[in-house]
Amino acid sequence: YAVPNFVEASAKRVPTVVSLHGYGNTCPGTQYFWSQGEQICRRDFGPVCLTHAYLKRCNNRHTRRLIDSYMRCMREKRLRNKAQAYVVYSEYHLELLLQHNYERDRIHVVPHGVDTSKFGIKDSQYENVVLFVGRLGVVKGVQYLLQAMEQVTKPCLIAIVGDGNYR
């Protein structure tokens with residue numbers, strides 16, 4: 001993780017904007033889930049994360065790697081006040097950062113998206129298409145998409161692209 005060192009150095013010289021994705025800046029396990037039961041961890045980052053690695057199995061239990069991930073998260077927490085702005089890709093990530101005391105006025109939500117008018121999209125028999133592209137695992141939430149699709153009443157196509165434990 002050379003990026004925090006780069007941000008720390010550059011923030012001293014020029015205005016710096018950091019793109020945040022994933023949970024590495026708020027969770028040393030980088031997944032924000034407890035392996036047992038796939039529950040979301042709602043605790044603030046801190047020393048409790050060291051014990052949860054063993055009790056909740058949410059981080060590496062190899063001592064050196066656990067300490068390294070904890071220290072990385074500590075560095076990123078220190079950098080919080082050095083960047084002038086942060087970019088996140090969803091309202092969910094915005095709310096997560098606010099729970100971890102990031103300043104709202106420095107966070108900008110820029111959703112991923114595609115302007116389909118710039119591509120030669122062929123007509124489909126489906127008026128509605130849902131596309132999921134990502135790792136097929138608990139952290140990416142594809143299981144929630146599938147549960148939600150059960151409630152969709154209009155005909156639609158769901159395309160899932162990716163690989164992982166849920167494949």
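Of the 167 residues in the protein chain, 34% come out as buried, a label for under 20% relative accessible area, with exposed meaning over 50% and partly exposed in between (1.4 Å probe, protein chains only). This is a predicted model, where local features need pLDDT of at least 70 and side-chain atom pairs count only at pLDDT 80 or more, while totals for chains, interfaces and linings use all residues. Residues are numbered from 1 along each chain as its sequence is written, and side-chain values use heavy atoms, with hydrogens and water left out.

As for the overall layout, the chain has five helices and seven strands; these are DSSP runs numbered from the N terminus (helices H or I, at least four residues; strands E, at least two). Reading from the N terminus, the order is α-β-β-β-α-α-β-α-β-β-α-β.

Now for strands E6 (residues 128-133) and E7 (residues 156-161), which pair in the parallel sense over six bridges; pairing takes at least two DSSP bridges between two strands. Val-129 has Leu-157 in E7 as its bridge partner.

Over to helix H3 (residues 63-79), which is where Ile-67 sits. Ile-67 counts as partly exposed because its relative accessibility is 37%. Looking at contacts (heavy atoms within 4.5 Å), residues 24 or more positions apart account for 56% of those in the protein chain with a separation of 6 or more.
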